[in-house]
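Q: I would like to learn how to read a protein structure, one feature at a time. Can we go through it together, with the general idea before each case?

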Amino acid sequence: MGAITEALNVAYDVKESRPWWKTRLQAIGLTVALSVLIIGALLLVLSGGKIVEGLAAGFDFGSAFVITWKIAQWPIVLAFMLLAFALIYYFAPDLREQKWTWITPGAVVGVVLWLLASFGFRTYLHFFDSYSATYGSLGAVIILMLWLYLTGVAVLVGGELNAELEHMAASMGAADAKAKGEKQPLKARAASN
């Protein structure tokens with residue numbers, strides 16, 4: 001998260017001005033929050049069906065409950081991932097007076113890229129899984145590190161898109177947008193002068 005914070009600061013063309021301890025605590029907090037969201041999303045995808053079938057059998061909810069869950073789990077998982085990306089884009093860069101937005105163009109692009117990269121990587125590993133034969137037990141670590149790298153690329157592409165859209169909005173005169181290299185919106189700078 002520290003590297004993602006630095007990269008998003010570069011995307012917004014701002015210098016880090018927060019104290020070292022604050023950026024580390026923020027990186028730890030983001031890591032914990034993202035871990036909870038991603039693990040929750042994975043549990044919903046991998047074990048959600050079994051849990052719901054058990055609940056349906058135990059409380060006699062019927063098959064409509066199970067079918068509803070199988071349809072509803074995907075929007076919930078998507079919402080978890082969009083929230084994870086929104087948290088990164090809100091807290092990581094050193095910007096002031098930022099407005100919270102649940103869904104940004106960068107978050108949508110980042111999640112789509114992340115899903116494409118994850119499914120593509122899964123397909124690649126399904127057909128060309130030679131890491132275990134070549135590297136033994138280190139193969140799993142290599143696969144995890146490569147997937148984390150692809151995840152980081154998706155996060156940074158979405159962050160760069162958000163930064164460029166904000167810079168473009170500021171150049172077109174939007175009062176609540178930040179110009180390139182500025183930490184606060186144009187209206188906040190005008191009010192302080």
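Q: Which residues make the nonpolar surface patch?
A: One thing to keep in mind before reading any feature is that this is a predicted model. The patch is made by W102, I103, V108, V109, V112, L113, L116, L146, Y149, V153 and V157, and its area is about 970 Å².

Q: Which helices each supply at least two residues of the nonpolar patch?
A: The general idea comes from helix geometry. An α-helix has 3.6 residues a turn, so residues three or four places apart point the same way. In this structure, helix 4 (105–127) and helix 6 (138–171) each supply at least two patch residues. Helix 4 gives the largest share, five residues.

Q: How many salt bridges does a search of the whole structure find?
A: The general idea is a distance test: a side-chain nitrogen of Lys or Arg must be within 4 Å of a carboxyl oxygen of Asp or Glu. The search finds three salt bridges. One of them joins E16 and R18, with the closest N and O atoms 2.6 Å apart. Another joins D94 and R18, with the closest N and O atoms 3.6 Å apart. D94 lies in the loop between helix 3 and helix 4, and R18 in the loop between helix 1 (2–11) and helix 2 (20–59), so this pair ties together parts that are 76 residues apart in sequence.

Q: Which residues are linked in a network of salt bridges?
A: E16, R18 and D94 are linked in such a network. R18 counts as buried because its relative accessibility is 15%. D94 is buried as well. E16 counts as partly exposed because its relative accessibility is 34%.

Q: Which residue forms a salt bridge with E53?
A: The partner of E53 is K70, and the closest N and O atoms are 3.6 Å apart. This pair links distant parts of the chain, with E53 in helix 2 and K70 in helix 3, 17 residues apart. E53, at 40% relative accessibility, counts as partly exposed. K70 is also partly exposed, with a relative accessible area of 42%.

Q: What span does helix 3 reach from its first C-alpha to its last?
A: A helix can be checked by comparing its span with the one expected at 1.5 Å a residue. Helix 3 has 29 residues and reaches 42 Å, close to the 42 Å expected.

Q: Where does a kink lie in helix 3, and where is the kink in helix 2 centred?
A: In helix 3, a kink of about 30 degrees lies at A72, shortly before the proline P75. In helix 2, the kink is about 65 degrees and is centred on S47. After helix 2 comes D60, whose phi is positive, near 55 degrees.

Q: What covers the buried residues of helix 2 and of helix 3?
A: To read burial along a helix, list the buried residues and then look for what lies over them. The buried residues of helix 2 include L37, A41, L44 and G48, and their cover includes helix 1 and helix 3. In helix 3 the buried residues include V66, W69, Q73 and V77. What covers the buried residues of helix 3 includes helix 1, helix 2, helix 4 and helix 6.

Q: Is Q73 buried or exposed, and which residues does Q73 touch?
A: Q73 counts as buried because its relative accessibility is 8%. Not counting residues up to four places away in sequence, Q73 touches L44 and G49. Both L44 and G49 are among the buried residues of helix 2.

Q: Where is G181 found, and how far is G181 from V10 in sequence and in space?
A: Sequence distance and spatial distance are read separately. G181 is in the loop between helix 6 and helix 7 (186–192). G181 and V10 are 171 residues apart in sequence and 9.1 Å apart in space, C-alpha to C-alpha. Leaving out residues up to four places away in sequence, G181 touches Y12, D13 and V14. At 32% relative accessibility, G181 counts as partly exposed.

Technical notes:
Residues numbered from 1 in each chain as written. Predicted model: local features only at pLDDT ≥ 70, side-chain atom pairs only at ≥ 80, totals over all residues. Heavy atoms only, no water. Patch = residues over 30% accessible without salt bridge, like charges linked within 9 Å, V, L, I, M, F, W, Y side chains within 5 Å. Areas by Shrake-Rupley, 256 points an atom, 1.4 Å probe, with all protein chains shown as cover. Helix = DSSP H or I, 4+ residues; strand = E, 2+ residues; numbered from the N terminus. Buried < 20%, exposed > 50% of the residue type's maximum accessible area, 1.4 Å probe, protein only. Expected span 1.5 Å × (residues − 1). Bend = angle between axes of the 7 residues up to and from the residue. Contact = heavy atoms within 4.5 Å.
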